[in-house]
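Please consult the sequence and the structure shown below before reading on.

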Amino acid sequence: MPQIIALHGDFATPGMLERDMGDFQLEVAFFDAHRWLNFDAAMGRLITLVKSLPEPPIMIGYSRGGSAIASLSEWVELRAAVLYESPVLNSEGVGGSFPVLQIWNNEGAKYSRFPARRKQARRSEQLWEKNHPVTAIEGVGEHFTKRPPAHCWDQNLNQQIVDWILAAI
């Protein structure tokens, strides 16, 4: 099975994403982007990591982590990607043609009361759908919580996500 690498959101940590994902049933490596405080440095380390792997990985990204996958896809080959509440922010486009699972929560960015957030979500959908087979599912929750700080990963979707990953490989 290809390696699965997960990327956390802004100001978060790998441990937070691991906690928020809960029981995932697959082995996942959680990349430390150091809260994405220096996006370019984190991307450099991530590109080096992915290039060192024996085969293209499956990427999981939450929020900024998914945006990083868009940038990463312009530099390296990927096997598949799970993009959870992930606008495309640091890239003008996306590379490759690998399968994508795109997840938006019912009270998250796609349905935000802020027009700019909704626009980012629509743009992300359009960019990925242009050259990638995209499967879309909806989760329950907001984009993040402040108390405690957390990714709003809907753990009730884990079996669907795992099944999609296994079908993608």
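Which residues are buried in α3? In α3, the buried residues are R64, G65, G66, S67, A68, I69, A70, S71 and L72, where buried means under 20% relative accessible area, exposed over 50%, and partly exposed in between (1.4 Å probe, protein chains only). This is a predicted model, in which local features need pLDDT of at least 70 and side-chain atom pairs count only at pLDDT 80 or more, while totals for chains, interfaces and linings use all residues. Residues are numbered from 1 along each chain as its sequence is written, and side-chain values use heavy atoms, with hydrogens and water left out.

**Helix α3**
- Helix α3 spans residues 64-72 and is mostly covered, with 9 of its 9 residues buried.
- The cover over its buried residues includes β1 (4-7), α2 (39-52), β3 (58-62), β4 (80-84) and α4.
- Helices (H or I, at least four residues) and strands (E, at least two) are DSSP runs, numbered from the N terminus.

**Residue H132**
- H132 is located in the loop that lies between α4 (115-131) and β6 (134-139).
- H132 is buried, at a relative accessible area of 6%.
- A polar atom of the H132 side chain lies 3.1 Å from the backbone oxygen of G96.
- Apart from neighbours within four places in sequence, H132 is in contact with V94, G95, G96, S97, F98 and V100; contact means heavy atoms within 4.5 Å.

**Residue L166**
- L166 belongs to helix α5 (residues 158-168).
- L166 is partly exposed, with a relative accessible area of 42%.

Technical notes:
Polar contact = N/O pair within 3.5 Å; in protein donor to acceptor, adjacent residues only side chain to side chain.
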